[in-house]
Amino acid sequence: MRQAAMMPLTAFVVAGLSLSAGICQASQEYENNVELLQRKLTLQKFKPHVLLFVADDVGWAGLGAHRTAENSAEAQGKAETQTPILDNLIRDGVLLERHYAASNSVPSRCSLISGRLPRDFPVAPRGMSNPATYWNPEDNVSGFYGIPRNMTGIGSKLKQAGYATHYVGKWAAGHATPEQTPFGRGFDSFLGFVGNENDYWTKQSDLEEFIADPCLYKFQDFSFYNATYRGGVADTIAAELGCEERVKGKSFDKDGCHEEDPNDCLPESCYEESMLLEYAARLIQNHDSSKPLFLTYASHEVHLPLEITTSALKREEQADAQKERKLPWTKARRVMAASLAFMDSAMGRLIDTLKARSMFEDTLVIFISDNGASLQLTAGGNNYPLKSGKFSEWEGGVRTNAFISGGFIPARHRGSSFHGVIHIADWYATLCSLAGVSHVDDVSAKANELLRLQGRPLLGEVEGRPQLQNIFSGINGRPDALHLSSSSLLKWPYKLVTGQQKYSFWPGPVFPNCSSDGPDDAPLDVYTHFFSFENESARLEKDMVEDCGNGCLFNVEIDPSERWDLSSHTDHNAVLSSLQAELKLMNSKAFKADIGHSRVQACLQSFRQGGFVGPFVDVGDFYTTHQVAGEEETEMYRQELMQLQARLRDEEFLNETAREMYEKMGSLSDELGCFD
């Protein structure tokens, strides 16, 4: 039984000048915790190492610690969720039960890196999967997707505090300019991909069947940046990381085998997560432990495309042989189980490497997921018992897995749970406080002076809050209104959800299963143009849309699965009206920058860099690699792009392309692949 680390909020309410003995005791405990923390950080001049592990699309049910076994279905779901290393870290740490983020990757990661709430970033056009090629030349501060150019990243803040800073894995926070890359945000080195997703084997970007790539499927999204090298992960770098096989320009299936010869497979050292993990482990091994280390490991697991190594699947098969199975596997759910186990082992290797260097006892480990699991049938994700998932504002989309652990956690707090509200943006201020630097962003404040004169949108201030002392003292540091998105707001314990919400259902403990009939939709992104062949009523039904109109109201403390809408209860009229007014006010403060449209410059720059995605505006001397493509070859590609741009003005061409994509995709539910 885990002990609760958070006291009832009423214990901290002061009525007039009267203080109860209980409140005095709570106040004294808070002061003692703060004093202990300050003594460790300031009197001893101690700065802990920080391992920030960011999981991708790992749902609420993706941690063994969140699984129960009260019936046969729950027992099967728990047995399929093998995360023993993460579960052990939770037992030695603090489980953060009310950690919130955006409902999808990019705004969440922008919040994490910049300390702002999601409302402070440009919004992607409707239906756009990844507007990374967008640019508005009239606004070179905010006219891009992702974090605006003049916001200070968390890497810069911790570097200022004397940390060695490294970022490994998925970025997805903007990369149009060098300043927006991990290197530009203050990380000494970066290995990974800058976009939303890539193929685990080929590292090629935008391979989903519902996306028609405006750069014509030409590029890999896998780069390495440091003080002396900034460019794509070429063959020589890949070989240093264990992958000596050439993958560029070749086609492989989801198992890493050549499509022409299924018996000719890549070594598992070429699996992207293996390469990322190898680099991260070497960073720890080679680190001067007298200097504090800030290592962000942003895993690709378990995001689409669901691809995993053969050995990971075999390990899952061996474990599965010992389980009693009531519901057959689906292909996606099985790969998901293997992917979760792979992610768990990745954390295990990092922890073991820290211990081998005698660094673990001085390390704060932070684990978070960027959003809830995707509930597409082919994604294999699950947020049981929470409602819905990724791309919705229900708890399954925005309430995410999180915990802290490591030797830095005081012994008396290990094995506890914290129920105070934390937002993913809070890690910015929390880490700044831990490192002894201000979380105030002077760079963006300076930029606002010029933006104000130009009449352009002003950059938002850091709204993240230091949370470590709140966690150790059991205090809810966010009792006021928290803006989750333009359609949802949390003011503990009440949550307001407005408008149409997709995927409005409750997945069971074993999901997806062979009786699952949705969701299996995927709106088409046709060269940055949105398409759907469903009429409005069919789309709403297929997407399982629930319309909350001006507001559904829930008490998520006593109703975490959001089953009882209180908006029609007269005794909650005041709460409903208050939250509606606060949401309207907060929406009026949302950032409204124009990011323009897709630019061929983005594609041409990647082409010139040998076929690797990266910055394309004001690149100057950012890249250290020489131009690979010749002028004649580049001109031929430019002509291809211009021809495509001309055809995009032809509605018939767009409709025909969309229809071909739609027919190729078919029904995703046809690919459930049920088997015993």
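Hi everyone, let's start with a definition: two strands pair if DSSP finds at least two bridges between them. Keep that in mind as we look at this predicted model.

Strand E18 and strand E19, which covers residues 494-497, pair in the antiparallel sense over four bridges. Between E18 and E19 sit two residues, and the two strands form a hairpin.

Now look to the other partner of E18. Strand E17, residues 482-485, runs antiparallel to E18, residues 488-491, and three bridges join them. Here Leu482 has Leu490 of E18 as its bridge partner. A hairpin links E17 to E18 too, through two residues. And what holds paired strands together in general? Strands of a sheet pair through backbone hydrogen bonds.

Next, another sheet. It is open, has three strands in the order E13-E4-E16, and its pairing is mixed. Which strands are at the edges? They are E13 (399-400) and E16 (422-423), each pairing on one side only. Strand E4, residues 99-100, pairs with E16 in the parallel sense over two bridges. Tyr100, for instance, has His423 in E16 as its bridge partner.

Last stop, the surface. Glu244, Glu245, Glu259, Glu260, Asp261 and Asp264 form a negative surface patch. Let's zoom in on Asp261, which lies in the loop between helix H6 (235-240) and helix H7 (272-285).

Methods:
Residues numbered from 1 in each chain as written. Predicted model: local features only at pLDDT ≥ 70, side-chain atom pairs only at ≥ 80, totals over all residues. Heavy atoms only, no water. Patch = residues over 30% accessible without salt bridge, like charges linked within 9 Å, V, L, I, M, F, W, Y side chains within 5 Å. Areas by Shrake-Rupley, 256 points an atom, 1.4 Å probe, with all protein chains shown as cover. Salt bridge = Lys/Arg side-chain N within 4 Å of Asp/Glu carboxyl O. Lys, Arg positive; Asp, Glu negative; His and termini not counted. Charge placed at Lys NZ, Arg CZ, Asp CG, Glu CD.
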